[in-house]
Amino acid sequence: MLLPIPQVLSAEQVAYFRDRLAHGAWADGRITAGYQSAQAKDNAQLPENDPVARELGGIILEALARNATFFSAALPQRIYPPLFNRYSGGQSFGFHVDNAIRYDRSQGGAEPVRTDLSATLFLNAPEDYDGGELMIEDTYGMQRVKLQAGDMVLYPGTSLHRVTPVTRGERLASFFWIQSLLREDAQRRLMFELDTSIRRLTQDVPEHPALVQLTGVYHNLLRRWADT
């Protein structure tokens, strides 16, 4: 399931992010790439332990905790701390699949995070730069994603994807991975559609007796499929 989620960050938050990132200690983006990805990756990135990255990543995690659409679609068990990248001057990232496991060392250990879902949160407007589209191959072919500042796209970590060359301006984004309670994308899609339907029915016909049954079906499926 490929899902755009609008306004994860407000315009004021995006402006603050842009100001803070302008003073970040940008490094070669290959610092977090595996061997194969490093051959295709050409961008700048904030180191994971950079104070700016940690501060802004915390703001993103707080925003996600309040976002019902994100929780419904991702059913998150663990979230890898958000990272930040920058593309300019023709930089790009060729086709690749994200590493299956990332190790979260933010708390001093090495907690494994299975990358069931990948997320890209756009931090500048699409008219600010040329190129920089996130190309994702899914069930219905190649999808081209270039969202408004503050919007995020969520997609399966198994997807083949790339970032096209940025030929004007610069593209700023945060990216991170989610370990879901459900390993399978098809199961997450069904649960998201079921939850969305229940919420719409609750608004339209709040007293309908079928809502109790549908909610029971949702939780019984989650109980059967959840990997905890």
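At what angle do helix H1 and helix H3 pack, and how far apart are their axes? Keep that question in mind as you open the viewer, and remember throughout that this is a predicted model.

**Stop 1: two helices side by side**

Select residues 11-21 for helix H1 and residues 51-65 for helix H3. The two pack at an angle of about 170°, and their axes are 10 Å apart. Angles over 145 degrees count as roughly antiparallel, so H1 is roughly antiparallel to H3. The crossing of H1 and H3 is left-handed.

Now show the side chains where the helices touch. On the H1 side, pick Gln13, Tyr16, Phe17, Arg20 and Leu21. On the H3 side, pick Val52, Glu55, Leu56, Ile59 and Ile60. What kinds of residues make up this contact of H1 with H3? Seven are nonpolar, one is polar and two are charged.

While you are on H3, click on Pro51, which is also found in this helix. Is Pro51 buried or exposed? Its relative accessible area is 58%, and because exposed means over 50%, Pro51 is exposed. For a look across the model, draw a distance from Pro51 to Thr167: their C-alpha atoms are 29 Å apart in space, and the two residues are 116 apart in sequence.

**Stop 2: a five-stranded sheet**

Next, find the open sheet of five strands, whose order is S3-S7-S15-S12-S13. Its pairing is antiparallel. In general, strands of a sheet pair through backbone hydrogen bonds, either parallel or antiparallel.

Which strands sit at the edges? Select 41-42 for strand S3 and 141-145 for strand S13; each of these pairs on one side only.

Then move to strand S12 (residues 134-138) and strand S15 (residues 161-163), which pair in the antiparallel sense over three bridges.

**Stop 3: a hairpin**

Select residues 101-104, strand S8, together with residues 111-114, strand S9. They pair in the antiparallel sense over four bridges. Within this pair, Tyr103 stands opposite Pro112 in S9.

How many residues lie between S8 and S9 in the hairpin they form? There are six, and in the turn you will find Gly108, with a positive phi of about 90°.

**Stop 4**

Most residues other than glycine have a negative phi.

Start with Gln7, in the loop between strand S1 (3-5) and H1. Gln7 is not a glycine, yet its phi is positive, near 50°. Its relative accessibility is 66%, so Gln7 counts as exposed.

Now jump to Leu75, in the loop between helix H4 (68-74) and strand S5 (76-79). Leu75 has a positive phi of about 45° although it is not a glycine. Is Leu75 buried or exposed? Buried means under 20%, so at 9% relative accessibility Leu75 counts as buried.

**Stop 5: helix H6**

For the last stop, select residues 210-225, helix H6, and pick out Val217 within it. Val217 has a relative accessible area of 41%. That value lies between the cut-offs of 20% and 50%, so Val217 is partly exposed. Finish by drawing a distance from Val217 to Met191: they are 26 residues apart in sequence and 9.9 Å apart in space, C-alpha to C-alpha.

Methods: Residues are numbered from 1 along each chain as its sequence is written. This is a predicted model: local features need pLDDT of at least 70, side-chain atom pairs count only at pLDDT 80 or more; totals for chains, interfaces and linings use all residues. Side-chain values use heavy atoms; hydrogens and water are left out. Two strands pair if DSSP finds at least two bridges between them. Axes are lines fitted to C-alpha atoms, for helices over the stretch in contact, and angles run from 0 to 180 degrees between N-to-C directions. Angles under 35 degrees count as roughly parallel, over 145 as roughly antiparallel, 65 to 115 as roughly perpendicular and the rest as oblique. A crossing is left-handed if the near helix is turned anticlockwise from the far one by less than a right angle, and right-handed if clockwise. Contact means heavy atoms within 4.5 Å. Ala, Val, Leu, Ile, Met, Phe, Trp, Tyr, Cys and Pro count as nonpolar, Asp, Glu, Lys and Arg as charged, and the others, Gly among them, as polar. Buried means under 20% relative accessible area, exposed over 50%, partly exposed in between (1.4 Å probe, protein chains only).
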